[in-house]
Amino acid sequence: MRLLIMGPQGVGKGTQAALLSEHYGIPAISTGDIFRYNIKNKTELGVEALAYINKGELVPDELTNKIVKDRLAMDDAKNGWILDGYPRNASQVEALDAILADLGTPLDAVVALDADHDVLMERMRKRAEIEGRSDDTPEAIAKRLDVYAKETAPLLAIYDGRGLLKTFNGVGSVEDIQATIVAELG
Ligand SMILES: Nc1ncnc2c1ncn2[C@@H]1O[C@H](COP(=O)(O)OP(=O)(O)OP(=O)(O)O)[C@@H](O)[C@H]1O
Ligand SMILES: [Mg+2]
């Protein structure tokens with residue numbers, strides 16, 4: 001199973017991706033988590049990405065596309081994966097298409113999660129208290145939501161046009177949402 005999980009900040013992509021990973025026995029790959037790991041370990045990539053992330057901006061495509069290409073070529077990704085947080089703009093969609101064409105592995109579905117703005121803001125406020133992410137400042141959150149609306153949300157139409165899009169309500173119990181997704185994906 002090769003899946004994308006998409007939706008606005010705070011909608012629950014990471015949570016549902018982890019459960020899908022367990023259910024299908026495939027890795028959940030989050031570009032945000034990869035960046036945070038590199039920042040924590042002060043790698044060259046981490047140092048380069050930090051400035052963008054703290055402003056709520058996208059890390060340049062060149063860096064991000066390379067990370068995804070390398071990660072999807074790893075052994076544990078042979079039988080499938082869930083990508084969380086990628087692609088986020090039209091050029092990343094093209095890059096992913098090229099990566100998958102190279103690997104000879106098409107996408108099976110795009111899982112989109114949806115929730116009202118107020119719900120997202122409240123969840124992010126709570127998460128900021130608990131996790132203390134360096135990009136959970138009001139300014140960076142506003143910027144991320146803006147980038148999502150302008151650059152990422154329009155990608156859903158592309159995948160819908162390819163017949164891959166499945167949209168789910170991101171409000172409800174984590175277990176119920178997961179069960180609904182799994183029932184739909186089979
Ligand atoms: N595909 C990507 N392209 C460019 N930058 C990315 C990408 N994925 C992650 N990033 C960088 O990492 C940051 C954190 O991403 P991450 O997905 O963890 O958080 P998010 O956008 O707040 O979503 P969520 O609330 O679902 O975790 C982004 O704001 C961006 O700077
Ligand atoms: Mg996340």
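Helix H6 passes helix H7 in a right-handed crossing, a label used when the near helix is turned clockwise from the far one by less than a right angle. In this predicted model, local features need pLDDT of at least 70 and side-chain atom pairs count only at pLDDT 80 or more, while totals for chains, interfaces and linings use all residues. Residues are numbered from 1 along each chain as its sequence is written, and side-chain values use heavy atoms, without hydrogens and water.

The axes of H6 (residues 117-131) and H7 (residues 138-152) come within 12 Å and cross at roughly 140°; axes are lines fitted to C-alpha atoms, for helices over the stretch in contact, with angles from 0 to 180 degrees between N-to-C directions. That makes H6 oblique to H7, oblique being what remains besides under 35 degrees (roughly parallel), over 145 (roughly antiparallel) and 65 to 115 (roughly perpendicular). On the H6 side, His117, Met121, Met124 and Arg127 meet Ile141, Arg144 and Leu145 of H7, where contact means heavy atoms within 4.5 Å.

Turning to the strands, an open sheet holds 5 of them in the order E2-E3-E1-E4-E5, with parallel pairing; two strands pair if DSSP finds at least two bridges between them. Helices (H or I, at least four residues) and strands (E, at least two) are DSSP runs, numbered from the N terminus. E2 (28-30) and E5 (165-169) stand at the edges with a single partner strand each, so one side of each lacks a neighbour in the sheet. Within the sheet, 4 bridges join E1 (residues 2-6) to the parallel strand E3 (residues 81-84), and arginine 2 stands opposite tryptophan 81 in E3.

Technical notes. Chains are lettered from A and ligands numbered from 1 in the order in which they are written.
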